[in-house]
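Subject: Structure handover

Hello,

Here is the structure we spoke about, with notes on what was found in it. Please load it first and read the notes alongside.

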Amino acid sequence: MADFPKYLDLLPVKHVSGTVRLPGSKSISNRTLLLSALADGKTLIKDLLFSDDTQVMLEALKSLGIQWNETGVANEYEVNGANGRLPRQEADLFLGNAGTAIRPLTAALAALGGGDFLLHGVKRMHERPIGDLVDALNDAGAEIEYTENQGYPPIRIHAGNIDRHDLHVKGNVSSQFLTALLMAAPLMARSHDVTIHVIGELISKPYIEITLNLMRSFGVEIEQDGWKSFTLRKGQVYRSPGVVHVEGDASSASYFLAAAAIAGGPVRVEGVGKYSIQGDIRFADVLEKMGANVVYGDNYIEVSHSGALKAIDEDFNLIPDAAMTVAILALYADGTSVLRNIGSWRVKETDRIAAMETELKKLGASVESGEDWLKITPPEHINDAAIDTYDDHRMAMCFSLASLCSTEKRGATIRINDPQCVSKTFPEYFQAFKAISNK
(Lines give C-alpha, C1' and ligand atoms only; values in the text may rest on other atoms or scores of the structure.)
Protein backbone atom coordinates (compact mmCIF):
# COMPACT_ATOMS: atom_id res chain seq x y z
CA MET A 1 0.00 0.00 0.00
CA ALA A 2 1.08 3.57 -0.62
CA ASP A 3 2.12 5.83 2.24
CA PHE A 4 -0.16 8.82 2.73
CA PRO A 5 0.11 12.16 4.56
CA LYS A 6 -2.79 13.58 6.59
CA TYR A 7 -3.69 15.75 3.63
CA LEU A 8 -2.69 16.23 0.02
CA ASP A 9 -2.62 19.58 -1.80
CA LEU A 10 -3.45 19.54 -5.51
CA LEU A 11 -2.50 22.61 -7.54
CA PRO A 12 -4.48 23.69 -10.61
CA VAL A 13 -3.88 21.43 -13.61
CA LYS A 14 -3.93 23.09 -17.02
CA HIS A 15 -4.27 20.01 -19.22
CA VAL A 16 -4.45 16.21 -18.97
CA SER A 17 -3.39 13.54 -21.41
CA GLY A 18 -1.94 10.05 -21.38
CA THR A 19 -2.81 6.42 -20.70
CA VAL A 20 -3.90 4.85 -17.40
CA ARG A 21 -3.81 1.12 -16.72
CA LEU A 22 -6.74 0.52 -14.39
CA PRO A 23 -6.59 -1.57 -11.22
CA GLY A 24 -8.85 -4.63 -11.12
CA SER A 25 -12.56 -4.19 -10.53
CA LYS A 26 -13.53 -4.37 -6.86
CA SER A 27 -16.93 -5.87 -7.70
CA ILE A 28 -15.43 -8.57 -9.89
CA SER A 29 -12.47 -9.24 -7.57
CA ASN A 30 -14.43 -9.99 -4.39
CA ARG A 31 -17.12 -11.96 -6.22
CA THR A 32 -14.43 -14.03 -7.94
CA LEU A 33 -12.61 -14.72 -4.68
CA LEU A 34 -15.76 -16.09 -3.02
CA LEU A 35 -16.85 -18.12 -6.05
CA SER A 36 -13.34 -19.59 -6.30
CA ALA A 37 -13.49 -20.54 -2.61
CA LEU A 38 -16.87 -22.26 -3.06
CA ALA A 39 -15.96 -24.04 -6.31
CA ASP A 40 -14.70 -27.52 -7.04
CA GLY A 41 -11.11 -27.15 -8.21
CA LYS A 42 -8.27 -24.67 -8.19
CA THR A 43 -8.70 -21.18 -9.68
CA LEU A 44 -5.92 -18.88 -10.85
CA ILE A 45 -7.07 -15.26 -10.58
CA LYS A 46 -5.12 -12.73 -12.63
CA ASP A 47 -5.16 -8.94 -12.12
CA LEU A 48 -6.97 -9.17 -8.78
CA LEU A 49 -7.47 -5.74 -7.23
CA PHE A 50 -4.99 -5.04 -4.44
CA SER A 51 -6.91 -2.89 -1.96
CA ASP A 52 -8.35 -2.78 1.53
CA ASP A 53 -11.60 -4.44 0.40
CA THR A 54 -9.94 -7.40 -1.28
CA GLN A 55 -7.48 -7.85 1.57
CA VAL A 56 -10.29 -8.25 4.12
CA MET A 57 -11.97 -10.81 1.85
CA LEU A 58 -8.72 -12.76 1.48
CA GLU A 59 -8.16 -12.73 5.24
CA ALA A 60 -11.78 -13.82 5.85
CA LEU A 61 -11.36 -16.78 3.49
CA LYS A 62 -8.15 -17.75 5.28
CA SER A 63 -9.97 -17.61 8.64
CA LEU A 64 -12.60 -19.96 7.18
CA GLY A 65 -9.89 -22.46 6.21
CA ILE A 66 -9.78 -21.67 2.48
CA GLN A 67 -6.26 -22.11 1.13
CA TRP A 68 -4.90 -19.49 -1.26
CA ASN A 69 -1.48 -18.18 -2.18
CA GLU A 70 0.16 -15.44 -4.21
CA THR A 71 1.91 -16.89 -7.22
CA GLY A 72 4.79 -14.42 -7.27
CA VAL A 73 3.31 -12.56 -10.23
CA ALA A 74 1.84 -9.14 -9.34
CA ASN A 75 -1.86 -9.32 -8.43
CA GLU A 76 -2.10 -13.03 -9.25
CA TYR A 77 -3.60 -15.45 -6.73
CA GLU A 78 -4.33 -19.16 -6.68
CA VAL A 79 -7.38 -20.27 -4.67
CA ASN A 80 -8.07 -23.89 -3.70
CA GLY A 81 -11.84 -24.33 -3.81
CA ALA A 82 -13.57 -26.13 -0.95
CA ASN A 83 -16.29 -27.61 -3.20
CA GLY A 84 -19.22 -26.11 -1.30
CA ARG A 85 -17.95 -27.06 2.14
CA LEU A 86 -16.42 -25.08 4.99
CA PRO A 87 -13.14 -26.32 6.50
CA ARG A 88 -13.93 -24.37 9.69
CA GLN A 89 -17.23 -23.99 11.48
CA GLU A 90 -16.37 -20.94 13.55
CA ALA A 91 -14.52 -17.69 12.87
CA ASP A 92 -14.30 -14.03 13.84
CA LEU A 93 -14.35 -12.12 10.55
CA PHE A 94 -13.35 -8.45 10.45
CA LEU A 95 -14.52 -7.04 7.11
CA GLY A 96 -13.58 -3.36 7.33
CA ASN A 97 -16.11 -1.35 5.33
CA ALA A 98 -16.39 -3.81 2.45
CA GLY A 99 -20.01 -4.32 1.46
CA THR A 100 -18.82 -6.63 -1.34
CA ALA A 101 -17.41 -8.90 1.37
CA ILE A 102 -19.87 -8.86 4.26
CA ARG A 103 -23.10 -9.26 2.26
CA PRO A 104 -22.08 -12.30 0.10
CA LEU A 105 -20.26 -13.96 3.02
CA THR A 106 -23.36 -13.61 5.21
CA ALA A 107 -25.49 -15.47 2.68
CA ALA A 108 -22.86 -18.10 1.88
CA LEU A 109 -22.15 -18.94 5.52
CA ALA A 110 -25.86 -19.15 6.32
CA ALA A 111 -26.54 -21.32 3.26
CA LEU A 112 -23.73 -23.69 4.24
CA GLY A 113 -25.47 -24.35 7.53
CA GLY A 114 -23.85 -21.76 9.72
CA GLY A 115 -21.85 -22.55 12.82
CA ASP A 116 -20.50 -19.74 14.96
CA PHE A 117 -19.40 -16.84 12.78
CA LEU A 118 -19.10 -13.24 13.91
CA LEU A 119 -19.07 -10.72 11.06
CA HIS A 120 -18.15 -7.12 11.89
CA GLY A 121 -16.18 -4.14 10.62
CA VAL A 122 -15.35 -0.49 11.12
CA LYS A 123 -17.81 1.96 12.70
CA ARG A 124 -19.34 2.97 9.35
CA MET A 125 -19.95 -0.67 8.44
CA HIS A 126 -22.06 -0.93 11.58
CA GLU A 127 -24.20 1.94 10.25
CA ARG A 128 -24.83 0.32 6.85
CA PRO A 129 -28.05 -1.73 6.69
CA ILE A 130 -28.03 -5.48 6.29
CA GLY A 131 -31.49 -6.21 7.67
CA ASP A 132 -33.21 -6.99 4.34
CA LEU A 133 -30.64 -9.71 3.61
CA VAL A 134 -30.76 -11.15 7.12
CA ASP A 135 -34.58 -11.17 7.08
CA ALA A 136 -34.59 -13.07 3.77
CA LEU A 137 -32.18 -15.68 5.15
CA ASN A 138 -33.84 -16.04 8.56
CA ASP A 139 -37.26 -16.39 6.94
CA ALA A 140 -35.83 -19.29 4.94
CA GLY A 141 -34.48 -21.08 8.03
CA ALA A 142 -31.12 -19.48 8.84
CA GLU A 143 -30.17 -18.48 12.38
CA ILE A 144 -28.62 -15.00 12.28
CA GLU A 145 -28.70 -12.55 15.18
CA TYR A 146 -27.66 -8.93 15.59
CA THR A 147 -25.15 -8.43 18.39
CA GLU A 148 -25.71 -4.66 18.70
CA ASN A 149 -28.31 -2.75 16.66
CA GLN A 150 -31.24 -4.41 14.93
CA GLY A 151 -30.80 -4.41 11.17
CA TYR A 152 -27.07 -3.63 11.18
CA PRO A 153 -23.76 -5.41 11.70
CA PRO A 154 -22.19 -6.87 13.74
CA ILE A 155 -24.06 -10.13 13.16
CA ARG A 156 -23.53 -13.66 14.42
CA ILE A 157 -24.44 -16.64 12.22
CA HIS A 158 -25.42 -19.77 14.17
CA ALA A 159 -26.06 -23.29 12.90
CA GLY A 160 -29.29 -23.28 10.90
CA ASN A 161 -31.02 -25.07 8.07
CA ILE A 162 -32.31 -23.18 5.05
CA ASP A 163 -35.18 -25.43 3.99
CA ARG A 164 -37.50 -23.12 2.04
CA HIS A 165 -37.58 -23.13 -1.73
CA ASP A 166 -38.60 -19.49 -2.13
CA LEU A 167 -36.76 -16.48 -0.71
CA HIS A 168 -37.89 -12.87 -0.83
CA VAL A 169 -35.64 -9.80 -0.65
CA LYS A 170 -36.20 -6.07 -1.07
CA GLY A 171 -34.47 -4.58 -4.09
CA ASN A 172 -34.56 -0.84 -3.36
CA VAL A 173 -31.77 -0.46 -0.76
CA SER A 174 -28.75 -2.33 -2.17
CA SER A 175 -28.34 -4.71 -5.08
CA GLN A 176 -25.69 -6.46 -2.98
CA PHE A 177 -28.48 -8.20 -1.01
CA LEU A 178 -29.73 -9.91 -4.16
CA THR A 179 -26.17 -10.60 -5.31
CA ALA A 180 -25.48 -12.32 -1.99
CA LEU A 181 -28.53 -14.59 -2.30
CA LEU A 182 -27.79 -15.41 -5.92
CA MET A 183 -24.20 -16.39 -5.15
CA ALA A 184 -25.38 -18.57 -2.24
CA ALA A 185 -28.22 -20.19 -4.21
CA PRO A 186 -26.24 -23.26 -5.40
CA LEU A 187 -25.47 -24.03 -1.76
CA MET A 188 -29.22 -24.15 -1.06
CA ALA A 189 -30.25 -26.03 -4.23
CA ARG A 190 -28.68 -29.41 -3.72
CA SER A 191 -32.03 -31.24 -3.54
CA HIS A 192 -34.59 -28.73 -4.83
CA ASP A 193 -34.92 -25.68 -7.05
CA VAL A 194 -34.53 -22.29 -5.39
CA THR A 195 -36.31 -19.11 -6.46
CA ILE A 196 -35.43 -15.64 -5.22
CA HIS A 197 -38.19 -13.05 -5.52
CA VAL A 198 -37.40 -9.32 -5.58
CA ILE A 199 -39.78 -7.09 -3.63
CA GLY A 200 -40.25 -3.64 -5.18
CA GLU A 201 -37.87 -1.92 -7.59
CA LEU A 202 -34.42 -3.40 -8.08
CA ILE A 203 -31.70 -0.75 -8.12
CA SER A 204 -28.22 -0.99 -9.68
CA LYS A 205 -29.20 -3.76 -12.12
CA PRO A 206 -25.80 -3.75 -13.90
CA TYR A 207 -24.21 -5.10 -10.72
CA ILE A 208 -26.60 -8.06 -10.82
CA GLU A 209 -25.52 -8.63 -14.41
CA ILE A 210 -21.90 -8.84 -13.19
CA THR A 211 -22.95 -11.44 -10.61
CA LEU A 212 -24.88 -13.58 -13.12
CA ASN A 213 -22.04 -13.37 -15.64
CA LEU A 214 -19.45 -14.54 -13.10
CA MET A 215 -21.69 -17.34 -11.79
CA ARG A 216 -22.07 -18.52 -15.39
CA SER A 217 -18.29 -18.63 -15.78
CA PHE A 218 -18.22 -20.96 -12.75
CA GLY A 219 -20.79 -23.29 -14.34
CA VAL A 220 -24.05 -22.08 -12.76
CA GLU A 221 -27.01 -20.82 -14.81
CA ILE A 222 -29.79 -18.69 -13.32
CA GLU A 223 -33.20 -18.38 -15.01
CA GLN A 224 -34.76 -14.91 -14.87
CA ASP A 225 -38.29 -13.61 -14.95
CA GLY A 226 -37.25 -10.10 -15.86
CA TRP A 227 -35.90 -8.48 -12.71
CA LYS A 228 -38.67 -9.86 -10.49
CA SER A 229 -37.49 -13.40 -9.81
CA PHE A 230 -34.45 -15.61 -10.30
CA THR A 231 -34.57 -19.43 -10.29
CA LEU A 232 -31.72 -21.91 -9.89
CA ARG A 233 -32.46 -25.50 -10.86
CA LYS A 234 -31.33 -28.10 -8.34
CA GLY A 235 -28.02 -29.91 -8.51
CA GLN A 236 -25.87 -27.15 -9.98
CA VAL A 237 -22.50 -26.63 -8.31
CA TYR A 238 -19.65 -24.23 -8.82
CA ARG A 239 -16.75 -25.61 -10.86
CA SER A 240 -13.54 -23.70 -11.36
CA PRO A 241 -13.03 -22.29 -14.86
CA GLY A 242 -9.29 -22.68 -14.26
CA VAL A 243 -8.20 -19.11 -14.95
CA VAL A 244 -10.08 -15.84 -14.38
CA HIS A 245 -8.86 -12.48 -15.66
CA VAL A 246 -10.30 -9.59 -13.63
CA GLU A 247 -11.34 -6.60 -15.72
CA GLY A 248 -10.10 -3.13 -14.89
CA ASP A 249 -12.39 -1.18 -12.59
CA ALA A 250 -14.93 0.79 -14.61
CA SER A 251 -15.89 2.98 -11.65
CA SER A 252 -12.25 4.01 -11.28
CA ALA A 253 -12.11 4.69 -15.01
CA SER A 254 -14.70 7.44 -14.56
CA TYR A 255 -12.24 9.83 -12.88
CA PHE A 256 -9.73 9.74 -15.72
CA LEU A 257 -12.34 9.88 -18.46
CA ALA A 258 -13.98 12.82 -16.67
CA ALA A 259 -10.58 14.51 -16.37
CA ALA A 260 -10.24 14.37 -20.17
CA ALA A 261 -13.75 15.75 -20.61
CA ILE A 262 -12.82 18.72 -18.40
CA ALA A 263 -9.20 19.37 -19.33
CA GLY A 264 -8.83 18.29 -22.91
CA GLY A 265 -7.22 14.89 -23.17
CA PRO A 266 -6.97 12.61 -24.90
CA VAL A 267 -6.88 10.20 -21.96
CA ARG A 268 -7.10 6.47 -22.56
CA VAL A 269 -7.98 3.97 -19.84
CA GLU A 270 -6.90 0.38 -20.41
CA GLY A 271 -8.51 -2.69 -18.83
CA VAL A 272 -12.12 -2.05 -19.88
CA GLY A 273 -13.65 -1.68 -23.32
CA LYS A 274 -16.76 -2.13 -25.39
CA TYR A 275 -17.22 -5.74 -24.24
CA SER A 276 -16.93 -5.03 -20.50
CA ILE A 277 -19.38 -6.82 -18.19
CA GLN A 278 -19.46 -3.76 -15.90
CA GLY A 279 -22.37 -1.37 -16.12
CA ASP A 280 -20.26 1.62 -15.13
CA ILE A 281 -18.77 1.83 -18.63
CA ARG A 282 -22.09 3.55 -19.41
CA PHE A 283 -20.53 6.57 -17.73
CA ALA A 284 -18.86 7.20 -21.08
CA ASP A 285 -22.34 7.58 -22.61
CA VAL A 286 -22.99 10.38 -20.11
CA LEU A 287 -19.78 12.09 -21.19
CA GLU A 288 -20.99 11.96 -24.81
CA LYS A 289 -24.27 13.60 -23.77
CA MET A 290 -22.25 16.33 -22.07
CA GLY A 291 -20.33 16.95 -25.30
CA ALA A 292 -17.15 14.88 -24.97
CA ASN A 293 -15.67 12.70 -27.69
CA VAL A 294 -15.55 9.00 -26.78
CA VAL A 295 -13.79 6.16 -28.59
CA TYR A 296 -14.24 2.50 -27.56
CA GLY A 297 -11.72 -0.26 -28.23
CA ASP A 298 -11.80 -3.93 -27.24
CA ASN A 299 -9.79 -3.19 -24.10
CA TYR A 300 -9.78 0.59 -23.78
CA ILE A 301 -11.91 3.74 -23.71
CA GLU A 302 -10.51 7.10 -24.79
CA VAL A 303 -11.99 10.56 -24.20
CA SER A 304 -11.13 14.05 -25.39
CA HIS A 305 -13.00 17.37 -25.34
CA SER A 306 -12.69 21.13 -25.68
CA GLY A 307 -15.13 23.80 -24.58
CA ALA A 308 -17.82 23.91 -21.92
CA LEU A 309 -19.64 20.75 -20.92
CA LYS A 310 -23.40 20.57 -21.38
CA ALA A 311 -25.56 20.51 -18.25
CA ILE A 312 -27.41 17.25 -17.70
CA ASP A 313 -30.63 16.02 -16.07
CA GLU A 314 -30.43 12.23 -15.78
CA ASP A 315 -31.59 9.16 -13.87
CA PHE A 316 -28.50 7.43 -12.43
CA ASN A 317 -30.14 4.37 -10.89
CA LEU A 318 -28.00 2.08 -13.06
CA ILE A 319 -24.60 3.66 -12.33
CA PRO A 320 -24.77 5.21 -8.84
CA ASP A 321 -21.03 4.99 -8.09
CA ALA A 322 -19.93 6.60 -11.36
CA ALA A 323 -22.68 9.20 -10.94
CA MET A 324 -20.62 10.78 -8.16
CA THR A 325 -18.12 11.83 -10.80
CA VAL A 326 -20.92 13.56 -12.73
CA ALA A 327 -21.50 15.79 -9.71
CA ILE A 328 -17.98 17.21 -10.21
CA LEU A 329 -18.45 17.51 -13.97
CA ALA A 330 -21.45 19.71 -13.14
CA LEU A 331 -19.01 22.35 -11.84
CA TYR A 332 -17.81 22.80 -15.44
CA ALA A 333 -21.22 22.62 -17.16
CA ASP A 334 -23.03 25.42 -18.96
CA GLY A 335 -26.02 25.36 -16.61
CA THR A 336 -27.75 23.53 -13.76
CA SER A 337 -27.43 19.74 -13.65
CA VAL A 338 -29.73 17.32 -11.81
CA LEU A 339 -28.78 13.82 -10.70
CA ARG A 340 -31.87 11.68 -10.02
CA ASN A 341 -32.60 8.28 -8.45
CA ILE A 342 -29.40 8.19 -6.38
CA GLY A 343 -31.00 7.25 -3.05
CA SER A 344 -28.53 4.36 -2.63
CA TRP A 345 -25.83 7.02 -2.02
CA ARG A 346 -27.20 7.46 1.49
CA VAL A 347 -26.20 3.94 2.63
CA LYS A 348 -22.75 3.77 1.06
CA GLU A 349 -19.38 4.42 2.77
CA THR A 350 -20.96 7.68 3.97
CA ASP A 351 -24.21 9.53 3.23
CA ARG A 352 -22.89 10.61 -0.13
CA ILE A 353 -25.74 12.97 -0.95
CA ALA A 354 -25.14 14.97 2.23
CA ALA A 355 -21.35 14.80 1.88
CA MET A 356 -21.37 15.83 -1.76
CA GLU A 357 -23.68 18.77 -1.07
CA THR A 358 -21.47 20.02 1.79
CA GLU A 359 -18.22 19.81 -0.16
CA LEU A 360 -19.58 21.20 -3.45
CA LYS A 361 -20.77 24.28 -1.59
CA LYS A 362 -17.19 24.85 -0.38
CA LEU A 363 -16.22 25.15 -4.04
CA GLY A 364 -18.86 27.83 -4.60
CA ALA A 365 -21.59 25.75 -6.24
CA SER A 366 -25.26 26.26 -5.42
CA VAL A 367 -26.61 22.86 -4.36
CA GLU A 368 -30.04 21.52 -3.48
CA SER A 369 -30.81 17.96 -2.46
CA GLY A 370 -33.66 15.59 -1.68
CA GLU A 371 -33.97 12.03 -0.50
CA ASP A 372 -32.71 10.67 -3.83
CA TRP A 373 -31.59 13.63 -5.95
CA LEU A 374 -28.99 16.38 -6.19
CA LYS A 375 -29.26 19.67 -8.09
CA ILE A 376 -26.01 21.53 -8.85
CA THR A 377 -25.59 25.01 -10.29
CA PRO A 378 -21.93 25.67 -11.13
CA PRO A 379 -20.09 28.67 -9.71
CA GLU A 380 -18.59 31.34 -11.94
CA HIS A 381 -15.22 30.56 -10.36
CA ILE A 382 -14.29 27.39 -8.46
CA ASN A 383 -13.09 28.27 -4.96
CA ASP A 384 -9.92 26.91 -3.40
CA ALA A 385 -11.03 24.55 -0.63
CA ALA A 386 -10.06 21.86 1.85
CA ILE A 387 -12.23 18.83 1.11
CA ASP A 388 -13.28 16.43 3.84
CA THR A 389 -13.51 12.87 2.56
CA TYR A 390 -15.62 11.10 5.25
CA ASP A 391 -13.43 7.96 5.01
CA ASP A 392 -14.97 7.51 1.54
CA HIS A 393 -12.59 6.67 -1.29
CA ARG A 394 -14.90 8.08 -3.96
CA MET A 395 -15.14 11.49 -2.27
CA ALA A 396 -11.35 11.83 -2.42
CA MET A 397 -11.06 10.74 -6.03
CA CYS A 398 -14.03 12.81 -7.24
CA PHE A 399 -12.89 16.08 -5.70
CA SER A 400 -9.37 15.78 -7.08
CA LEU A 401 -11.02 16.69 -10.41
CA ALA A 402 -11.91 20.17 -9.12
CA SER A 403 -8.23 21.07 -9.54
CA LEU A 404 -8.57 20.80 -13.34
CA CYS A 405 -8.73 23.78 -15.67
CA SER A 406 -11.15 23.71 -18.58
CA THR A 407 -11.08 26.07 -21.54
CA GLU A 408 -13.82 28.05 -19.77
CA LYS A 409 -12.85 27.87 -16.12
CA ARG A 410 -9.74 27.75 -13.95
CA GLY A 411 -9.27 24.86 -11.59
CA ALA A 412 -8.82 25.40 -7.87
CA THR A 413 -6.14 24.53 -5.34
CA ILE A 414 -7.71 21.54 -3.61
CA ARG A 415 -6.64 20.06 -0.27
CA ILE A 416 -7.78 16.46 0.08
CA ASN A 417 -8.03 15.56 3.76
CA ASP A 418 -7.27 11.93 4.67
CA PRO A 419 -6.17 10.89 1.17
CA GLN A 420 -5.44 7.40 2.50
CA CYS A 421 -9.13 6.53 2.12
CA VAL A 422 -8.45 5.75 -1.57
CA SER A 423 -6.75 2.54 -0.37
CA LYS A 424 -10.21 0.98 -0.21
CA THR A 425 -10.15 0.46 -3.98
CA PHE A 426 -7.26 2.35 -5.65
CA PRO A 427 -4.15 2.87 -3.46
CA GLU A 428 -2.18 4.35 -6.39
CA TYR A 429 -4.89 6.78 -7.50
CA PHE A 430 -3.05 10.04 -6.85
CA GLN A 431 0.09 8.79 -8.60
CA ALA A 432 -2.02 7.89 -11.65
CA PHE A 433 -3.77 11.27 -11.53
CA LYS A 434 -0.41 13.05 -11.38
CA ALA A 435 0.88 11.05 -14.33
CA ILE A 436 -1.74 12.49 -16.70
CA SER A 437 -1.55 16.03 -15.28
CA ASN A 438 0.25 18.93 -16.94
CA LYS A 439 0.51 21.69 -14.33
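Leu178 is in contact (heavy atoms within 4.5 Å) with Val169, Ile196, Val198, Leu202, Ile208 and Phe230, once its neighbours within four places in sequence are left aside. The model is a predicted one, in which local features need pLDDT of at least 70 and side-chain atom pairs count only at pLDDT 80 or more, while totals for chains, interfaces and linings use all residues. Residues are numbered from 1 along each chain as its sequence is written, and side-chain values use heavy atoms, with hydrogens and water left out.

Cores

A nonpolar core here is a set of buried Ala, Val, Leu, Ile, Met, Phe, Trp, Tyr and Cys residues joined through side-chain atoms within 4.5 Å. Buried means under 20% relative accessible area, exposed over 50%, and partly exposed in between, with a 1.4 Å probe and protein chains only. The largest nonpolar core has 80 residues, and those touching the most other members are Leu119, Leu137, Leu178, Leu181, Leu182, Met188 and Tyr238. Helix α5 (residues 175-188) gives the largest share of this core, ten residues. Helices (H or I, at least four residues) and strands (E, at least two) are DSSP runs, numbered from the N terminus. Another core, of 78 residues, lies apart from the largest one and includes Ala250, Leu287, Val326 and Ala412.

Thr106 sits in helix α3 (residues 99-111) and counts as buried because its relative accessibility is 0%. Not counting residues up to four places away in sequence, Thr106 touches Leu119, Ile130, Leu133, Leu137, Ile144, Ile155 and Ile157.

Salt bridges

A salt bridge is a side-chain nitrogen of Lys or Arg within 4 Å of a carboxyl oxygen of Asp or Glu. The whole structure has 28 of them.

- Asp392 and Arg352 form a salt bridge whose closest N and O atoms are 2.7 Å apart. Asp392 is in the loop between β22 (385-387) and α11 (393-400) and Arg352 is in helix α10 (residues 352-362), so the pair ties together parts that are 40 residues apart in sequence. Asp392 is buried, at 0% relative accessible area, and Arg352 is also buried, at 0%.
- Lys274 and Asp298 meet through their side chains at 3.6 Å, N to O. Lys274 belongs to the loop between β15 (264-270) and α8 (283-289), and Asp298 to the loop between β16 (293-296) and β17 (300-304), so this pair ties together parts that are 24 residues apart in sequence. Lys274 is partly exposed at 44% relative accessibility, whereas Asp298 is exposed at 53%.
- Lys62 and Glu59 meet at 4.0 Å, N to O. Both lie in helix α2 (residues 52-63), three residues apart, about one turn of the helix. Lys62 is partly exposed at 42%, and Glu59 is partly exposed at 38%.

Asp392 and Arg352 also belong to a network of salt bridges that links them with Lys26, Asp53, Asp321, Lys348, Glu349, Arg394 and Lys424.

Pocket

The search used a 1 Å grid over the protein atoms alone, and a pocket is an open set of points where a 1.4 Å probe fits, with protein on both sides within 12 Å along at least five of seven lines; lining residues have an atom within 4 Å of a point. Grid points are joined across faces, edges and corners, and a volume is the space filled by probe spheres set on the points. The largest pocket holds about 370 Å³ of space. Its lining has 19 residues, with Leu22, Pro23, Gly24, Asp47 and Asn75 nearest the centre. The lining of the largest pocket divides into nine nonpolar, six polar and four charged residues.

Backbone

The peptide bond from Pro153 to Pro154 is cis, with omega near 5°, and Pro154 is in the loop between β8 (143-146) and β9 (155-158). The bond from Gly265 to Pro266 is cis as well, with omega near 5°, and Pro266 is in strand β15.

Ser204 is not a glycine but has a positive phi of about 55°. Ser204 lies in the loop between β11 (194-199) and α6 (205-217) and is buried at 4% relative accessible area. Asp418, also not a glycine, has a positive phi of about 50°. Asp418 lies in the loop between β23 (414-417) and α12 (429-435) and is partly exposed at 33%.

Regards

Note on methods: Ala, Val, Leu, Ile, Met, Phe, Trp, Tyr, Cys and Pro count as nonpolar, Asp, Glu, Lys and Arg as charged, and the others, Gly among them, as polar.
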